Amino acid sequence: MQIRQITGVFGAEITGADITDPAQVEDIHRAFADHSVIALRAQRADPASLVAFARRFGDININRFVAALPDHPEIAMIQKAPDQREAIGEIWHAEHTYDTAPAAASILHAVNLPPVGGDTVFISMGAAYDALSERFKHMLSGLNAWHSSRHAFGASKSDSETQRSGRTGNAEAATQDALHPVVIRHPLTGRRTLFINPRFTTHIDGFSRAESDALLGFLYAHCQQPEFQLRLGWSPGDITIWDNRATLHKAINDYHGHARMMHRITIEGVPLQAA
Ligand code: SIN
């Protein structure tokens, strides 16, 4: 297995790995902890072997809102057809932060790709935190933020293209609200990490809406600096695993007129502690 770091900050590309070999899971997990995002190139994985690998990686969390692969409820289909305009996951987010124990990892398998485009971009939230001034870090410590599924998947979204097409649904189940520290101690690495995202974070607890919007707006602009980002291109068969407590991600929706199908499994996490 060869591991090549992708940026000076995070992310690694792994060649020569085989997710169907149980003996490699420990090394793959170590690379995941070290690099936050790992791209395992050229895997030969059918849905059953993807599920078997994910089970060895951790407990599987079944997504409530994204349509699952028939016969494999563990696999969410992140799909877009040629005539659709909205992609799933095109706003910066980490998976399931509206849960009290947000998802630890996501495992995304490239099944069908557009001829060009359809990359995924990641942000290292640990690197973004490190770059803040000490005074500002001190101000953030002790703050908590609310995260919710309601505005993202609830009834107000029932007219969205993803809901109308059946790619997402189950709006009545969008009832989750969770309070998490704005700066967490990462459960695997111990690193101090920002834990907020524009998709699911609604507001800072105890702040007025204007104060909360100003602080979150500043932090999102700060995090989106190219220095903290990694842009990943895909080839059919690639499997990328990312850490949802260490990174944000977003799907680049630049391939209208073409189909894209990814299979995603999400791994259970734990309640998060303040740094
Ligand atoms: C996701 O948001 O989980 C999927 C990202 C992608 O489709 O690239």
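Helix 1 gives three residues to the lining of the second largest pocket, and that is the largest share. Please keep in mind that this is a predicted model. The points below are grouped by topic, so you can follow each one in the viewer.

**The second largest pocket**

- This pocket holds about 160 Å³ of space.
- It is lined by 16 residues, and those closest to its centre are Ala 33, Asp 34, Ser 36, Arg 191 and Ala 246.
- Sorted by class, its lining has nine polar, four nonpolar and three charged residues.

**The largest pocket**

- Here the volume is about 470 Å³.
- Look for Ala 87, Ile 88, Gly 89, Glu 90 and Arg 199, which are the closest to the centre among the 29 lining residues.
- Helix 5 (150–153), helix 6 (161–164), strand 16 (247–251) and strand 17 are the elements that each give two or more residues to this lining.
- The lining of the largest pocket consists of 12 nonpolar, 10 polar and seven charged residues.

**Helix 2 and what covers it**

- Helix 2 spans residues 47–57, and its buried residues are Ser 49, Leu 50, Val 51, Phe 53, Ala 54 and Phe 57.
- Helix 1 (25–35) is part of what covers these buried residues.
- Several strands are also included in that cover: strand 4 (60–61), strand 6 (72–80), strand 7 (105–112), strand 15 (239–243) and strand 17 (260–267).

- Three strands make up an open, antiparallel sheet, and their order is 10-9-13.
- Strand 10 (177–181) and strand 13 (201–204) are the edge strands, each of them pairing on one side only.
- On average, neighbouring strands in this sheet are turned by 30° against each other, ignoring direction.
- Three bridges join strand 9 (residues 144–148) to strand 13 in the antiparallel sense.

- Strand 1 (residues 2–5) and strand 2 (residues 12–15) are paired in the antiparallel sense, with four bridges.
- Together the two strands form a hairpin, with six residues between them.
- In the turn of this hairpin, Gly 11 has a positive phi of about 90°.

Note on methods
Residues are numbered from 1 along each chain as its sequence is written. This is a predicted model: local features need pLDDT of at least 70, side-chain atom pairs count only at pLDDT 80 or more; totals for chains, interfaces and linings use all residues. Side-chain values use heavy atoms; hydrogens and water are left out. Two strands pair if DSSP finds at least two bridges between them. Axes are lines fitted to C-alpha atoms, for helices over the stretch in contact, and angles run from 0 to 180 degrees between N-to-C directions. Buried means under 20% relative accessible area, exposed over 50%, partly exposed in between (1.4 Å probe, protein chains only). Contact means heavy atoms within 4.5 Å. On a 1 Å grid over the protein atoms alone, a cavity is a set of points where a 1.4 Å probe fits but cannot get out, and a pocket is an open set with protein on both sides within 12 Å along at least five of seven lines; lining residues have an atom within 4 Å of a point. Grid points are joined across faces, edges and corners, and a volume is the space filled by probe spheres set on the points. Ala, Val, Leu, Ile, Met, Phe, Trp, Tyr, Cys and Pro count as nonpolar, Asp, Glu, Lys and Arg as charged, and the others, Gly among them, as polar.
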